[in-house]
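Good morning, and thank you for coming. I shall speak about the contact between two chains and then about one residue. Please look at the sequence and the model first.

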Amino acid sequence: MTVIERVEKAVAWASQKLDVIAGVALVAMMVLVSGNVVVRAVWEPIMGTYEVTAFLAAMTISFALAHCAMNKGHIALTLFVDRLPRRLRAFLDVIVSVLGALLFMIMAWQVTKYAVHMKGTGEVSLTMEIPFYPFIFGVAFGLLMLALVSLVDLLKSLSRLFQK
Amino acid sequence: MSAAFIGIIGLLVLLLLLSMRLPVGYTMAFVGLFGFMYMVSAKGGLTMAARACWDQFASYNFSVIPLFILMGQFAFSAGISQRLYDTAHRWLGHMRGGLAIATVGACAGFAAVCGSSTATAATMGMVALPEMRRYDYDPALATGSIAAGGSMGILIPPSVILIVYGIMTEQSIGKLFAAGFIPGLMEATLYILTISIICKINPKLGPRGPRLPFKSKLAGLWGGTAETMVIFVLVLGGLFGGWFTPTEAGGVGAALVLGLSLAMRRMDWQGFVESISSTTRTAAMILIIVLGAVIFNKFIAITRLPFTLAEWVVGLDMPPMAVMGLIIFVYLIGGCFMDALGLILLTVPIFFPVAVKLGFDPIWFGIIITRVTEIGVITPPVGMNVYVIKGVARDVPLSTIFKGVTPFLMADVVSVVLLLFVPQITLWLPSLITY
């Protein structure tokens, strides 16, 4: 196995594990939201449903980002590039993966800064008084994984570019 | 350099990066972030992007998207589409082109639990195509009716596109869903008419099946179809009646479909896990586009490009319907190259102020552009549904599928014209919602 394949396998493994957490958050969200409707009908609303749903949604989305990218799930326009020669296509792929990695490293860094800021101010949710910052760190981690997937793509397209 | 000019440069860079195959969401976020940093300040742009990311991902409003996708995925894994098709087959199979008509009917039914076009086309393709082959249907008619029928997925509620439109333009999702309902039924009716006319001209294209006794028709309703329709009525009724928020409608819908499929013993652990995993993947795909659009729109708003455009268009003193015609033209062309969600997210912030300034109803405008982008999913070169069907029917050439789609495009033209000139089709049902 080449180094690139090993790195790819590790990133794929980690993003798959994250996706499982995303799935658990999703099911929890379904149970909480529909449970709240039932409990509210017979008794009174479950406290904090609104904010916990938002936290669960954040985990569902952020932890699924990398796995989605790993499976080429993010929609792109392939129409124009598909007709280009192989070398040129590899060159464009290098640029695209650099831009993707750059973008999500910046995002991960900025969201981390935001989490640190929120930890400092000690902001908590309205009714349950759950602190925001752990979930913001979670989102930052998901973005970092997404940047890693772009880096793997970069390695792969570089090797294609220099392939004979 | 004027701000609006920078906005136009931003749009051009966006198109360039898109054509290089940078994913749609990444592209919008990238151009938006750097454009904002250029216009305002580096620090301001970075802070804006981080806030936008947390606000979109941790949003009660957007949590509706994964939940409605989950409902559709459960229905898919449980083979609800098979049941719907079986029922429609029993009721309509004896007519001319009956199996194609049944396909459209089953597509409409599946669209009622599923918010996506491609998912509807994929699932109905697997179910209906083998049947139509068995009865020797013309391949163009068979594949065309599935591709067109599947496109109803984004108009008949629930609809991911309408949810996103509603959140972006601050319109009620309940009203948008209600507004999509009759146009969706009208579309199904027009498709059915199209099939009848084609098969009347050339009966060999869609031979009749056997006529079944009424008892057998009635029996076909149970075991999936009637239950699905009850769930649809409960979920959408709860939403229209104001008992549920859209998120609650999605959560309840997913739980009910899961419950139904467990009760029918049509869901095993593997199907459950697959539903969850496709849902998280699809939700991530959608939310990254939403995030990109939000960041891009912050930049575009600062350039004031949409408002400049709106004022310019109003200053032209053209009849509003002519402007609407131009907007539709942009969506038709755009829909040929871009997927529906990306197109709507990218263009709504630009065209919405124009539409409002011209005095169009925001709900009506949303339905029109959704209906028009739907046409894009079945036209070349990037007709998503056509490629999805090609994936199921590998031996049918793409050109045959596109040929099969052509008569349905005529039906689409009729329905867009009707929606444009008879706004009541769209606005009557939402006008009954009073909350």
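A salt bridge is a side-chain nitrogen of Lys or Arg within 4 Å of a carboxyl oxygen of Asp or Glu. Two salt bridges are counted between chain A and chain B. In one of them, Arg21(B) pairs with Asp93(A), with the closest N and O atoms 2.8 Å apart.

The model is a predicted one, in which local features need pLDDT of at least 70, side-chain atom pairs count only at pLDDT 80 or more, and totals for chains, interfaces and linings use all residues. Residues are numbered from 1 along each chain as its sequence is written, chains are lettered from A in the order in which they are written, and side-chain values use heavy atoms, without hydrogens and water.

How many residues does each chain bring to the contact? Chain A gives 59 residues and chain B gives 57, where contact means heavy atoms within 4.5 Å. Together the chains bury about 5000 Å², 82% of it on carbon and sulfur atoms; buried area is the accessible area (1.4 Å probe) that two parts lose on being put together, summed over both. In chain A, Met30(A), Ile75(A) and Leu77(A) lose the most area to chain B.

I turn now to Glu51(A). This residue is buried (under 20% relative accessible area, 1.4 Å probe, protein chains only), yet Glu51(A) has no salt bridge. The nearest side chain of opposite charge, Arg40(A), lies 14 Å away. Among the residues that Glu51(A) touches are Ser125(A) and Met128(A).

Technical notes:
Buried < 20%, exposed > 50% of the residue type's maximum accessible area, 1.4 Å probe, protein only. Lys, Arg positive; Asp, Glu negative; His and termini not counted. Lists of a residue's contacts leave out its neighbours within four places in sequence.
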